[in-house]
Amino acid sequence: MSHESTYVPGSAIERWLDKRLPIIRLGYDSFGDFPTPKNLNYWYTFGGILSVCLVIQIVTGIILAMHYTPHVDYAFESVEHIMRDVNYGDIMRYAHANGASMFFIAVYLHMFRGLYYGSYKDPREMLWIIGVVIFILMMATAFMGYVLPWGQMSYWGATVITSLFSAIPLIGDSLKTLLWGGYSVDNPTLNRFYALHYLLPFLIAGAVILHIWALHIPGNANPTGVEVKSKKDTLPFHPYYTVKDGFAIVVFFILFAAFLFYMPNSLGHPDNYIPANPLVTPEHIVPEWYFLPFYAMLRAIDFNFLFISSKLGGVIVMFSSLIILFFLPWLDRSKVRSHRYRSTAAKLWFVLFVADCVFLGWLGGQVAEQPFILFSQLATAFYFIYLLVILPLLGLMETPKELPKSISEDVLSNTKKKAAISATPEPVAQPAE
Amino acid sequence: MNSVSDTQPSVGDHGEETTRRDFIHLMAIGATGAAVLAVGVPAIHQLNPDASVRALATKEVDISAIDIGQAIKVMWQGKPVFIRRRTEEEINAAGETPISALKDSKSRNENLTGSEEATDTNRVVKPEWMIVVGVCTHLGCVPLGTDEGDSRGEYNGWFCPCHGSHYDIAGRIRKGPAPENLIIPPYEFVSDTVVKIG
């Protein structure tokens with residue numbers, strides 16, 4: 001880790017262990033004494049929240065795996081068995097299903113934080129890139145998990161998404177057969193999705209370790225975007241941020257509990273309580289809410305472009321929208337990190353970009369008819385124009401505001417301002433006495 | 001014990017020369033590559049359809065109970081196959097459609113090469129029987145139009161509700177995002193009332 005270790009083994013056993021496997025030292029240096037900028041706000045608590053989400057998904061997932069049967073004849077029934085017969089099974093399954101949604105809420109807010117404060121900029125590019133890898137792994141995991149209950153949406157969602165691969169020229173159809181293990185989505189598909197759904201969370205856990213490692217080399221970014229200059233700018237992670245993260249986790253749990261206990265099916269689709277039927281397609285196939293922006297981009301391309309068919313075009317656009325995120329650290333040419341010190345124009349474009357993503361999400365849930373197709377095309381175009389054109393140009397053209405000299409200076413000037421505001425009413429009040 | 005320095009010339013003098021060590025490196029890398037390939041092929045190929053899936057590759061269907069104007073769905077290779085007994089007017093209408101009006105001009109008929117013109121005659125074995133794989137060529141949904149009361153789309157054939165593709169009475173794509181005509185599976189008439197698909 002980037003800072004000097006301050007761990008002092010407290011007992012003979014710790015000293016013995018420290019010489020052989022300094023694991024307590026690693027924990028202490030990473031989550032105990034780790035110097036953390038003292039101005040982190042609540043937007044910086046989603047890392048902790050996401051770790052908790054991952055643990056919840058793995059624990060509830062392993063429990064569900066003990067009662068689930070990955071076979072086309074039994075999968076749907078075994079899920080109903082979990083819901084009706086297994087002790088606390090309904091809570092476990094609802095926690096796992098809603099937990100996935102909570103995970104995505106947290107990850108989207110975490111990414112929004114990174115975008116707003118420019119956390120991905122030099123020297124934290126690797127941190128961001130690993131984050132995008134985790135995001136893509138999460139999407140793959142969630143998609144395969146949604147197939148397992150073998151309801152109508154499971155089956156047809158799996159059919160539509162795996163059929164995307166058939167758009168690839170030459171090898172597309174063979175690749176699709178390879179993915180399916182047959183000539184349609186069937187038992188072999190369900191089996192392998194189950195195996196991979198069990199595997200991927202552990203790959204995510206591994207990537208999370210790399211993510212934290214890449215975080216602890218440069219240390220945390222912060223809302224000012226000014227690097228830590230002295231020890232005065234930091235606080236030890238424990239107790240200051242363990243408590244702050246802990247509080248945020250509790251607030252997050254309230255939201256989670258509201259869904260889990262009062263509206264556990266509100267984020268799901270009722271069609272998935274109909275057993276999968278390969279002969280009947282649901283009227284309106286929609287993916288889970290967290291995929292909707294990408295689904296909208298997929299469907300936006302309904303025209304052939306040169307030699308690229310509309311089908312392949314949609315696939316290319318959808319995957320590009322994710323791949324482009326890897327290049328964000330180099331697309332953003334801004335001299336400052338944080339939007340706090342960027343021009344009004346930059347802030348406005350950023351607001352439009354976020355609104356665009358939300359709009360795409362809404363469009364993804366609509367039927368594939370006009371005017372929604374046109375809207376999707378415009379919103380998709382803006383998504384790419386912002387990242388490829390507007391963002392680089394803004395950085396070259398704008399004059400950012402003056403940065404504070406240090407984190408401490410910024411924090412102190414804020415406190416002075418606040419003190420001045422709270423102090424003003426007093427002289428006004430005095431004449432009345 | 002000078003043999004080591006004898007067989008391994010120092011880098012400064014003979015850096016370019018091929019040594020025994022280079023040979024060992026090459027052999028080791030080559031052998032590892034071959035081993036990775038030998039392990040990789042089974043590891044990937046096991047994902048492909050297994051023997052039990054391949055064994056269900058053909059299916060015989062009794063079509064004697066289908067009246068003119070009716071259609072049925074059967075399962076073949078895990079996919080629905082539509083078998084429609086067309087009326088005289090439908091056959092005539094399909095025959096009159098010019099190739100220029102089609103989005104995909106290839107027959108997509110696995111009984112032929114698949115790349116002939118998509119005329120109605122190239123899409124059937126017997127004009128009365130229209131047999132197509134009931135999988136939309138866009139993203140794999142099952143088009144409506146086989147069951148009574150289904151929407152048959154603007155061209156009176158099949159209509160895919162997922163993303164709005166319209167197929168005509170010969171299963172040819174006429175409107176919507178699907179790129180190709182519905183595929184004609186390989187089939188033959190075993191007798192007048194039995195058709196073997198696959």
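Mentor: Let's start with a definition: domain bounds come from an automatic or database domain assignment. For chain A that assignment gives domain 1 (32–281) and domain 2 (286–403). Keep in mind from the start that this is a predicted model.

Trainee: How far apart do the C-alpha centres of domain 1 and domain 2 of chain A lie?

Mentor: The separation of those centres is 22 Å. Domain 1 of chain A gives 43 residues to the contact, and domain 2 of chain A gives 30 residues. Between them the two domains bury about 3,400 Å², with 71% of it on carbon and sulfur atoms. On the domain 1 side, A:Tyr116, A:Lys121 and A:Leu164 lose the most area to domain 2, together 18% of what that side buries.

Trainee: And what area is buried between chain A and chain B?

Mentor: About 2,200 Å², of which carbon and sulfur atoms give 64%. Each chain brings 26 residues to that contact. For chain A, look at A:Leu178, A:Tyr183 and A:Leu279: they lose the most area to chain B, together 32% of what that side buries.

Trainee: Where in chain B is confidence lowest, and where is it highest?

Mentor: The lowest mean, 49, belongs to helix α1 (residues 3–7) of chain B, and the highest, 94, to helix α3 (residues 20–45) of chain B.

Trainee: What is the make-up of chain A in helices and strands?

Mentor: You will find 17 helices and 2 strands. The C-alpha atoms of chain A fill a box of roughly 80 × 60 × 55 Å along the principal axes, and buried residues make up 50% of its 433 residues. Among contacts in chain A between residues at least 6 apart in sequence, 80% join residues at least 24 apart.

Trainee: How do I read a strand pairing?

Mentor: Strands of a sheet pair through backbone hydrogen bonds, either parallel or antiparallel. In chain B, an open sheet of 3 strands has the order β1-β9-β8, with antiparallel pairing. Its edge strands are β1 (59–62) and β8 (187–189), each pairing on one side only. Neighbouring strands of this sheet are turned by 20° against each other on average, direction ignored. β1(B) pairs with strand β9 (residues 194–197) of chain B over 4 bridges, and B:Lys59 stands opposite B:Ile197.

Trainee: What do β5(B) and β6(B) form?

Mentor: They form a hairpin with 4 residues between them, and B:Gly164 in the turn has a positive phi of about 75°. The two strands are antiparallel, with 4 bridges, and B:Phe159 stands opposite B:His166 in β6(B).

Trainee: Why is strand β5 of chain B described as largely enclosed by the rest of the structure?

Mentor: Because 4 of its 5 residues, 156–160, are buried.

Trainee: Which backbone geometry deserves a second look?

Mentor: Most residues other than glycine have a negative phi, and most peptide bonds are trans. B:Asn156, in strand β5 of chain B, has a positive phi of about 60°. B:Asn156 counts as partly exposed because its relative accessibility is 40%, between the 20% and 50% cut-offs. B:Gln77, in the loop between β2 (71–76) and β3 (79–85) of chain B, has a phi near 55°. At 18% relative accessibility, B:Gln77 counts as buried.

Trainee: And the peptide bonds?

Mentor: The bond from A:Asp122 to A:Pro123 is cis, with omega near 10°; A:Pro123 sits in the loop between α5 (89–116) and α6 (125–147) of chain A. Another cis bond joins A:His238 and A:Pro239, with omega about 5°, and A:Pro239 lies in helix α10 (residues 237–262) of chain A.

How values were computed:
Residues are numbered from 1 along each chain as its sequence is written. Chains are lettered from A and ligands numbered from 1 in the order in which they are written. This is a predicted model: local features need pLDDT of at least 70, side-chain atom pairs count only at pLDDT 80 or more; totals for chains, interfaces and linings use all residues. Side-chain values use heavy atoms; hydrogens and water are left out. Buried means under 20% relative accessible area, exposed over 50%, partly exposed in between (1.4 Å probe, protein chains only). Two strands pair if DSSP finds at least two bridges between them. Axes are lines fitted to C-alpha atoms, for helices over the stretch in contact, and angles run from 0 to 180 degrees between N-to-C directions. pLDDT is the predictor's confidence in each residue, from 0 to 100. Contact means heavy atoms within 4.5 Å. Buried area is the accessible area (1.4 Å probe) that two parts lose on being put together, summed over both.
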